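Let's walk through this model together, one part at a time. Keep the structure open beside you as you read.

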Amino acid sequence: MSRYLLRRLGSAVITLWLLATIVFVVVSVLPSNVGRQILGPFAPQEQVDALNHRLGFDRPIIIQYLQSMRRVFTLNFGESYTSGAPVNDVIFPALWRSGKLALLAFIMTIPVSILAGIIAARRQDKLSDRAIVNLGLATSSIPEFVSAAVLLSIFCVHWKLGKAFANPPDGATIVQQLQYLWVPALAMAITYFGYLARMTRAGVISAQHSDYARTATMKGMSSSQVMRRHIMRNALAPTITVISVQIGYLFGGIIGVERVFNYSGLGSTMLIAVGKRDIPVLQGAVLLVGIIYMFSTLAADLLIAALNPRVRLEVSK
Amino acid sequence: MTEKLDQLRNSVGPLQQDVIDGLASGSLNRRSFLVRGSVVGLSAAFMGSVLAACGSDDTSAPATTAGGSGDTSGATETTAGATETTAAAGGIKEGGNLRIAAQRPGSELDPISMDNLGSYTPVVTAFEYLCGPGEGAALAPMLATEWTPNDDGSEWTFKLREGVTWHSGGAFTSADVVATMDRLSVEGGKLAAYLAPGSTTAADDFTVTMKLNTPDGQFPYNVCHWNPQTVITPADYVAGTTLDKRPDGTGAFKLDSYDAATTAKFSRNDAYWGGKPKLESLEFIFSDDIATQVTGLQSGAADVIVQLSVIGGEAILNNPEQFTVTAIRGAAHRQLWMNVREGTFTDVNVRTAIALAFDRQALVDTALGGKGDVGNDHPIAPVYEFFDAGLAQRERDVEQAKSLLDAAGKAGLAITMHVPKLQEIPQLAELMQSQLKDIGMDVTLNVESTDTFYDRWCKVYDSKTEPAGCDGGEEFGIVDYGNRGVPDVYLVKAYATGEWNSAHYLSADFNTAVKDYQAALTLDDRKEPVSRIQKIANTDVPYVIPYFYNGLFATAANVTGVVATGLGHYYCDKAGFTA
Amino acid sequence: MSESDQIEGNPESMVSTPAVDVIIPATPPAGPSERRAARKENWRLIRRRPSFIVGNIIAIVWVTCAILGTRITPHDPLDFRAKPHLSPSSDFWFGTDKTGRDVLSRVMAGARDVLKIAPPAALLGVLFGVILGMLMGYIGKRVDIILSRIVEAFLALPVVLIALLAITTLGNSSWVVLGVVAVLFTPVVARTVRSAVLAERDLDYVTSARLRGESKMFIMFKEVLPNVSGPIVVELTVRIGYAVFAISTLSFLGAGPPPPSPDWGAQVSEGFNSISAGIWWTTFFPAAAIASLVIAVNLIADAVQSVLEAS
């Protein structure tokens, strides 16, 4: 087990290194003049050159690469090109905000969608199953920025039950923060309901049809016993995997929702960084999302293994 | 001329006398008199006496904004410059936190090198100018209480306000002003064109004199809110220090906390020279687009937004019970540039054809919902007193446009128009594209975020190579110009080889006219060169100016007294919530 | 089919068990003719599924709009102008937008912007993904280790942002959007294909082909590929839905085709803050168009998937 963990962590480090390299390559390949960009069109060329020198952009690409990697592995990404603040002061508060929103969205969506998935599977092809499957299909087909905009109009503008600017004020209590966060979290939850419910349903159905479930039923166990002891453990594996992958996505990818609610999570931080070509911030934020992704998928694998003894943990070949 | 008027006239210098004469002769109306008088340093009380002596039926000092004459959309209208939401006299509650949805700072909060509205806002809330916004385009005393020019406008003396203290505790004196002016007059500084280092001197703790490089009858416009980087900073202030590193200033509110991602928070300055503000605190909530600002105001998450556009602002404009919208009629405009030096538009026939393609009234009606003035291909807005209405308005003429294009051998011209994603500009571009189709042109739009757009407009400015100009910009596109009390910025920077000259326009005649205009010390003297400027610009058409738009500024109905300029300033010392 | 295909072929196919290989019970090999017959039977079953029929009807409506474009729109989607913000009426079924254009015409014409990019992008992504996945799964060893790490790194990237970065720098032409979406889909597909290939690699028919002395290429593309075509077909349909989604999101964020293009995502982005002013039609109809196209594609994908899984 510990050997497995070590190898997984080792491969995670390699993946992160590759991730950092991809970001570096993308940024270097794209044409840009960082000094000019920071100082604007009216700055004299000498100042631009001086800044490029200070930032190291006049050095050979290999040196730039090594410097970039040093920043990555010391988790010290330098200073933001636009605000001049240390990158960590920009990305960690954003990470914290994203985390809160993602957590709330999961709390809202996971129990409901797993329950819906199980109900649908147990009543396969009946009316309630169709209803759940089609609802799931519909909700996961609506882009999240659309559901966010609609929920904003209904709950924040019309009924004033939520806040159109979702950043909670400093020092807000948990209850107050919920007031700010529940509408954007709901928008995210709606999008994920479909995925998770359908995934759970598929998992349960296939487990129901499996040999071990059949054997257990034949041994005379009651159907609820079979469900608890055998089916659920196996059936949830794909659901858990989806959740783990989505954690990374929730942290970095829900730009539409963050934008509609003017929320300063990692997504909008990266969006602004892309717009302003604020490479240090972009690099830091992307790696942060990568790290979260690695850890959540690792945790999911461990959880699946703990639930299902048939799964053998091994580092992929 | 009455004896009383004579007496008043004789107590002031020639530049000030000229303004009084303008009123007496009728060439200046009451409103223009108050604006021009404020620029040359006549006090409100003095102008009140002059008006009384001239037999004006309204003897009050500058009136507050006339409110309430709301048109169908619920917007009230004021003229050029800063505006104040209609004050409900005496009904302001003590305390409260005012939340203003503002543009996100695009750079560090550096008072000297800041270059975008988002960064201006927190900086100019803490720091103040010598002259501040008055009624319309007028100037009002801020850190200077009085200013007077010498006879030829080459030297200006500012009397400073006594008893002002910095947020950090020290007293504000002439040393602070001298140091600030010197910082701004180094090469490349925002006042380098007007002052040399050392040309600002202090006679005593509260009097400074500035010796200008060339005479200028309207110099105070350069040390006021229209030139945002001229905020007065402490004497020992080191260039490059940002506001959040050294939170100081003389303003009505002091910076408590700043987070570029979310908010800037200010608390009231109890020792403010203008009196303790009613509001307890002020919060700027940063947001990236007008859509979130509109929903923020609607939902009660913000109390104030500026730069509302008619398109996208329907929810606010259609709801006059809940929101007060003020339309600021001014000189703010959009400019369609065409590179006259190289490429497609070197032939004036092509540029004229394009100018003739536009149905400007239709553009105003659709893109602005009617809230603007039709433009006539020069940057002199109808609101300026020296505007020459005699120049014929260019009207749409599809046939002539087509024949001009034909004559230039550019029939069926296909070209890309570069457009920033800013307020109504994308819609304007779409409308222009449709109208240009009628003269046979095939225009492709490239609409970009403002983060990258300005590279298309002017990528690098080269001041060393003659003639100076923008390099690397595109040849055709639309750019935004904010409101200014005088057109100097447009004339110098956009037309006369300045750093915003994306058309690469260079005309000796035009530049002479601009020089004549700037050297003119009196209003009458300005009229002739301005008329020339209008004609030359209109004939050469380096830029099409489709319209001058009204700045729209919205507050929740229970907010009053906020003074906004459209250049990132929100003066809230008199603002508050109504009971 | 086996349990792992449940995982691999699910609608959220960014998903697969990252480094855990579920032990897969071997299925008996099938001869080539049997396989062909089975595929024929599958196709017959697929065509009969109601979700396939409904999905296709919706999709055909949009494809028709995309192909015929302005020939069937009631007004010119770009240049026709009535009064701005007219609510839906018998003259303008979907109302007019902020500059007075007919929303119905724009929604119909907007199908072209999506459909000329989404399916080719998905196809290209699947093509690259299949090649990569086959190499990883079949050749294995070092190739697999190295490619797996790279794929893993790509999966950890925030996709939309990287796309935005590329588009803002390289320009927002259709080709750039198409290429970027394809490249970003490649690793996801590669992973699915790799897992499917791993399950096949040690089956008897592969072993016997190897013993016959067939080349690696031949075995990969002639023997293994037909047997993993199920997950690939599912992946392709699912990816088209995702491409529609991704393209709309990019347009919403301002990196879509330039105005006045009637792109759906751009229409939603321009109109959404007017919803609260009661102007819902400028957002609702393009949003419904996106959703209906994604639903159509997903219905088709569902039908394909459930038949292939049952067999």
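In chain C, 72% of the contacts between residues at least 6 apart in sequence join residues at least 24 apart; a contact here means heavy atoms within 4.5 Å. Chain C has 13 helices and zero strands, and read along the sequence its pattern is α-α-α-α-α-α-α-α-α-α-α-α-α. Helices (H or I, at least four residues) and strands (E, at least two) are DSSP runs, numbered from the N terminus. Of the 311 residues in chain C, 60% are buried, where buried means under 20% relative accessible area, exposed over 50% and partly exposed in between (1.4 Å probe, protein chains only).

A word on how to read all this: the model is predicted, with local features needing pLDDT of at least 70 and side-chain atom pairs counting only at pLDDT 80 or more, while totals for chains, interfaces and linings use all residues. Residues are numbered from 1 along each chain as its sequence is written, chains are lettered from A and ligands numbered from 1 in the order in which they are written, and side-chain values use heavy atoms, with hydrogens and water left out.

Now turn to chain A, which is divided into domain 1 (2-73) and domain 2 (89-277 + 286-307); such bounds come from an automatic or database domain assignment. Taken over C-alpha atoms, the centres of these two domains of chain A are 33 Å apart. Twelve residues of domain 1 are in contact with twelve residues of domain 2. About 970 Å² is buried between the two domains of chain A, and carbon and sulfur atoms give 80% of that area. Buried area is the accessible area (1.4 Å probe) that two parts lose on being put together, summed over both.

What salt bridge do A:D301 and A:R8 make? Their side chains meet at 2.7 Å, N to O, and the count between the two domains of chain A is one salt bridge. The term stands for a side-chain nitrogen of Lys or Arg within 4 Å of a carboxyl oxygen of Asp or Glu. On the side of domain 1 that touches domain 2, helix 1 (residues 2-29) of chain A gives the most, with ten residues. By class, that side of domain 1 has nine nonpolar, two polar and one charged residues. Ala, Val, Leu, Ile, Met, Phe, Trp, Tyr, Cys and Pro count as nonpolar, Asp, Glu, Lys and Arg as charged, and the others, Gly among them, as polar.

While you are in chain A, find A:S98 in helix 5 (residues 87-122). Is A:S98 buried or exposed? A:S98 is buried, with a relative accessible area of 2%. Leaving aside residues up to four places away in sequence, A:S98 touches A:F251, A:E258, A:Y263, A:G265, A:L266 and A:G267.

Finally, look at where chain B meets chain A. Here 35 residues of chain B are in contact with 24 residues of chain A. Two salt bridges are counted between chain B and chain A. B:D451 forms a salt bridge with A:K276, with the closest N and O atoms 2.8 Å apart. Helix 7 of chain B gives six residues, the largest share of the side that touches chain A.
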